[in-house]
Amino acid sequence: MNDSHQDLLVQPPGNVLRKWDVLKDRHEQNEKNKTRLQGQLADINGYLELAPGVTQVLQDLSREIFAQDIQVVTKLMTQALQDILKQPIEFKAEAEWKKGFANLTFWIERDGNKEDIERGQGGSVSNILSTGLRILALDSLEGKSPERHRKFLVLDEQDCWLKPDLVPAFVRMIHETCKEFGFQVLYISHHEPESFLQFLDKVYTFEPRSDGSVAVRNEALTAGQLDD
């Protein structure tokens, strides 16, 4: 072996010591990182062990809050039905939970007897309940996403199954509820305008003419005055 090869294989003691110090520092740093990561892993495992219990608590809390909301809704809808129809009927709702979602069943009770909403009262119950539930649903959506859901509600012949003598009470309920929630409502009906005058801000009557045009009467103006 010549001198040049010997210089490559045998290094001065100073160089070896410096490399040893570097490797030693790296080893110590790796041990510190290992200890830190083991601590973090232990914390994560601890959180994972708590996760099922936390999830169950949150689910139970969500169901409890949902049940309270349902109680409020049933109370409000029962009051609306009784005020408008003048009958001792109650609105009922029951939630069945499947895969984290609630399936709701609605019905009405009269003297403790269960009745189908769609078949009872010739549709008048459906008129009242669908309106009330839409108002509550829109209020809930508007609170969560006001940029997408405005406080504006269109009711097109929502009183179609109500007897004429029940319409004023129905319109009063809509007026008072929407005023409380700050809603603006466009209400369309075939009933006589006298049913609405005392509850709505503006009432217009649309009358077809023989020439195919439509006359628009502002009921707040003097009788007979028309706005084309």
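Which residue lies over the face of W107, and at what distance from the ring centre? I looked this up before anything else. K114 lies over that face, 4.5 Å from the ring centre of W107. The rule I used: a charge sits over a ring if NZ of Lys or CZ of Arg is within 6 Å of the ring centre and within 35 degrees of the ring normal.

**Ground rules**

I note that this is a predicted model, in which local features need pLDDT of at least 70, side-chain atom pairs count only at pLDDT 80 or more, and totals for chains, interfaces and linings use all residues. Residues are numbered from 1 along each chain as its sequence is written, and side-chain values use heavy atoms, with hydrogens and water left out.

**Overall layout**

I counted elements as DSSP runs, numbered from the N terminus, taking helices as H or I of at least four residues and strands as E of at least two. The protein has 4 helices and 7 strands. Their order from the N terminus is α-α-β-β-β-α-β-α-β-β-β.

I took buried as under 20% relative accessible area, exposed as over 50% and partly exposed as in between, with a 1.4 Å probe and protein chains only. Of the 228 residues, 24% count as buried. The accessible surface is about 16,700 Å², and carbon and sulfur atoms hold 53% of it. That area comes from the Shrake-Rupley method with a 1.4 Å probe.

For contacts I used heavy atoms within 4.5 Å. Among contacts between residues at least 6 apart in sequence, 46% join residues at least 24 apart.

I called two strands paired if DSSP finds at least two bridges between them. Strand β1 (residues 89–98) runs antiparallel to β2 (residues 101–110), and 10 bridges join them. I89 has R110 in β2 as its bridge partner.

β2 is also joined to β3 (residues 113–115), again antiparallel, by 3 bridges. Here E109 is bridged to K114 of β3, and K114 is the residue I had found over the W107 ring. β2 and β3 form a hairpin with 2 residues between them, and D111 in the turn has a positive phi of about 55 degrees.

**Other positive phi values**

I kept in mind that most residues other than glycine have a negative phi. Where does K86 lie? K86 is in the loop between α2 (13–85) and β1, with phi near 60 degrees. K86 is exposed, at 65% relative accessible area.

E157 has a phi near 55 degrees. E157 sits in the loop between β4 (152–156) and α4 (167–181) and is partly exposed at 33%.

**Aromatic pairs**

I paired rings of Phe, Tyr and Trp (its six-membered ring) if their centres lie within 6.5 Å; planes under 30 degrees apart count as stacked, over 60 as edge-to-face and the rest as tilted. This gave 3 aromatic pairs. Y187 and F196 have ring centres 5.5 Å apart and planes at 55 degrees, so the pair is tilted. Y187 is buried at 14% relative accessibility, and F196 is buried at 5%.

**Cysteines**

How many disulfides does the structure hold? I found 0 disulfides, a disulfide being a pair of cysteine sulfur atoms within 2.5 Å. I also looked up C160, which is partly exposed at 45% relative accessibility, and C178, which is buried at 2%.
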